[in-house]
Amino acid sequence: MLIQYGKQSIDEADVKAVTDVLQSDFLTQGPVVPIFENLFAEYCSVDRAVAVSSATAALHLACLALGLKQGDWVWTTPNTFVASANCALYCGANIDFVDIDIHDFNICVQALEEKLNSAEKTGTIPKILIVVHFAGQSCDMQAIKKLSRKYGFKIIEDASHAVGGKYNGQPVGSCKYSDITVFSFHPVKIITTGEGGVATTNDQLLADSMSRLRSHGITRDVTEMTNIPDGPWYYEQVELGMNYRMTDISAALGISQMSKVDGFVARRREIASQYSEAFKDIPISEQRAFHLSESSFHLYVIRLNLVKFSLPKNEIFTILMNKGIATNVHYIPVHTQPFFKKMGFKPEYCPNSIKYYSEAITLPVFPDLECAEQKQVIEAMKGLKRSNI
Ligand SMILES: *Cc1c(COP(=O)(O)O)cnc(C)c1O
């Protein structure tokens, strides 16, 4: 059987949690969603969590709640899933990219500072910076927060990879150094709700705004209304929202998965450290660790030294595939996608992301990966042809 690069872990308790909800009165957002939200907020040491239908939805709501409009700028990293950039475009804003650090694969703080410096002179400071904690390793949020104070921009953390990660002793999602943090519960991520996402924040107004916007911009809270209710059925639409609700079915799965999250992350860390140990003598480099960050290892990514492997990357990919190992590549730099290319971005705009992309490969890591399967991956990697130079 093919070993995938990532996969959900579902047990009997998860199945029961879902079937219990199916037999209850609510299927869509009902009493289970706020239970999940409170549990998730507590896990992240944050005041509020707003559960939604996906991380993409959460990113869109976060941008809207922060007042992103046409003419504004959003900056993000090219080494991410396209959703981190698309949310800006949903709001009619402009998108721009800051190159990555070639060693830790996250947004390069120095490049960010230089770009901010130039933007200040031309009056094009972004309204929002979206940082991505690549593979589950937090960016240096203290340094980024310092820049946001100096230059005046908001921060969204796209922590889709980083449920269970830590920064400076705090859970990712605590929003100590950001306005809003967003997580994904897509099946390949750390925990799953089928499809789903959440936005965390310590700002009550932002949380209330995202809660309204996920359900059409409708409120049932009298203090938010213009008119006096003419009956108990009364609600008001006070702004333009979407239907981004999470279902109770998903939330029940989320609650069940949360009871296992620390075990999932511990197992991921164990697998990553075993790879690390096994690959000491082959010409690869890992994501450089950062002393303040504890990664949740959503992904285990390595850069191949392609001069020393006398094989091109796609051949390595094929050799592994033929041995039953489905590797992947995270990510195709977003600014090179045809849609973004049409906006005028050239590949060399973010050269580190291009070099990284030419060398990076994602190996299997997920809690149910068996020891024998990991051994198979390690042996296959060690067996790749190498030159003597
Ligand atoms: C998975 C992912 C998303 C999108 O998550 P969905 O829940 O599928 O919408 C956004 N950003 C990053 C970095 C991701 O990995």
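Which residues does M141 touch, not counting residues up to four places away in sequence? In this predicted model, M141 touches V131, H133, I155, E157, Y167, Y177 and S178, a contact being heavy atoms within 4.5 Å. M141 is found in helix 6, residues 141-151 (helices are DSSP runs of H or I of at least four residues, numbered from the N terminus). With a relative accessible area of 1%, M141 is buried (under 20% relative accessible area with a 1.4 Å probe, protein chains only).

The structure holds 2 cavities of 30 Å³ or more; a cavity is a set of points on a 1 Å grid over the protein atoms alone where a 1.4 Å probe fits but cannot get out, and lining residues have an atom within 4 Å of a point. The largest cavity has a volume of about 70 Å³, a volume being the space filled by probe spheres set on the points. M141 is part of its lining, as are E157, Y167 and Y177, among others. This lining divides into 6 nonpolar, 4 polar and 2 charged residues (Ala, Val, Leu, Ile, Met, Phe, Trp, Tyr, Cys and Pro count as nonpolar, Asp, Glu, Lys and Arg as charged, and the others as polar). The second largest cavity holds about 40 Å³, and its lining includes K7, F264 and R268.

Residues are numbered from 1 along each chain as its sequence is written. Local features need pLDDT of at least 70, side-chain atom pairs count only at pLDDT 80 or more, and totals for chains, interfaces and linings use all residues, while side-chain values use heavy atoms, leaving out hydrogens and water.

How values were computed
On a 1 Å grid over the protein atoms alone, a cavity is a set of points where a 1.4 Å probe fits but cannot get out, and a pocket is an open set with protein on both sides within 12 Å along at least five of seven lines; lining residues have an atom within 4 Å of a point. Helices (H or I, at least four residues) and strands (E, at least two) are DSSP runs, numbered from the N terminus. Buried means under 20% relative accessible area, exposed over 50%, partly exposed in between (1.4 Å probe, protein chains only).
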